[in-house]
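Please look at the model first.

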Amino acid sequence: MKYHIAQYNIAKLRAPLDSPTLADFMAALDPLNSLADDAPGFVWRHQTEDGNSTAIRVRDDPDIIINFSVWESIEELFEYAYHSDHTDIFRRRREFFLQMDIPFAVLWWVTAGHEPSVDEAEDRLNYLQANGPTPHAFVFKNRFPPPGDDA
């Protein structure tokens with residue numbers, strides 16, 4: 001069976017999406033999504049009819065937004081996240097988002113072709129927050145191989 005890596009993260013907004021504080025972030029969102037869509041290993045990303053996920057709210061908090069995608073491999077996801085034009089905005093994240101005292105990002109393996117739901121992603125993030133990194137939910141610094149792979 002083939003597996004892909006799912007990634008989900010949440011961010012607490014420093015200001016409303018239409019504020020001057022978030023203007024650079026919002027201006028970069030469509031280009032970054034296009035960059036991801038065209039990146040090696042990209043499979044799928046969660047989006048509404050707006051082309052992104054900024055309208056989705058979780059955790060009963062109107063100031064939390066999500067980012068959610070699936071990639072062919074953890075290496076290709078890492079390359080996009082930390083070695084592409086994505087890093088320019090990523091480095092500025094504290095300008096746009098408040099620091100969170102809980103884990104805000106999670107990775108997990110999904111069978112190829114499965115598009116996980118936001119509820120599934122929230123369950124994985126909650127599991128990580130409660131249990132720390134395990135094969136069920138983990139982070140880049142504590143990676144686990146796909147099921148059945150002893151690598």
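Predicted model: local features only at pLDDT ≥ 70, side-chain atom pairs only at ≥ 80, totals over all residues.

Residues are numbered from 1 along each chain as its sequence is written, and side-chain values use heavy atoms, without hydrogens and water.

The largest pocket has a volume of about 1,400 Å³. A pocket is an open set of points on a 1 Å grid over the protein atoms alone, where a 1.4 Å probe fits, with protein on both sides within 12 Å along at least five of seven lines. The volume is the space filled by probe spheres set on the points. Lining residues have an atom within 4 Å of a point. The largest pocket has 49 of them, and Asn 9, His 86, Phe 90, Phe 104 and Ala 105 lie nearest its centre. The lining divides as follows.

| Class in the lining | Residues |
|---|---|
| nonpolar | 32 residues |
| polar | 12 residues |

Gly counts as polar here.

**Arg 45.** Arg 45 sits in strand E2 (residues 42-45); strands are DSSP runs (E, at least two residues). Arg 45 counts as buried because its relative accessibility is 12% (buried means under 20%, exposed over 50%, with a 1.4 Å probe and protein chains only). Its side chain makes a polar contact (N or O atoms within 3.5 Å, one able to donate a hydrogen and the other to accept it) with the side chain of Asp 37, at 2.8 Å.

**Gln 99.** Gln 99 lies in the loop between strand E4 (97-98) and strand E5 (105-111). Gln 99 counts as exposed, because its relative accessibility is 68%.

Terms used:
Helix = DSSP H or I, 4+ residues; strand = E, 2+ residues; numbered from the N terminus.
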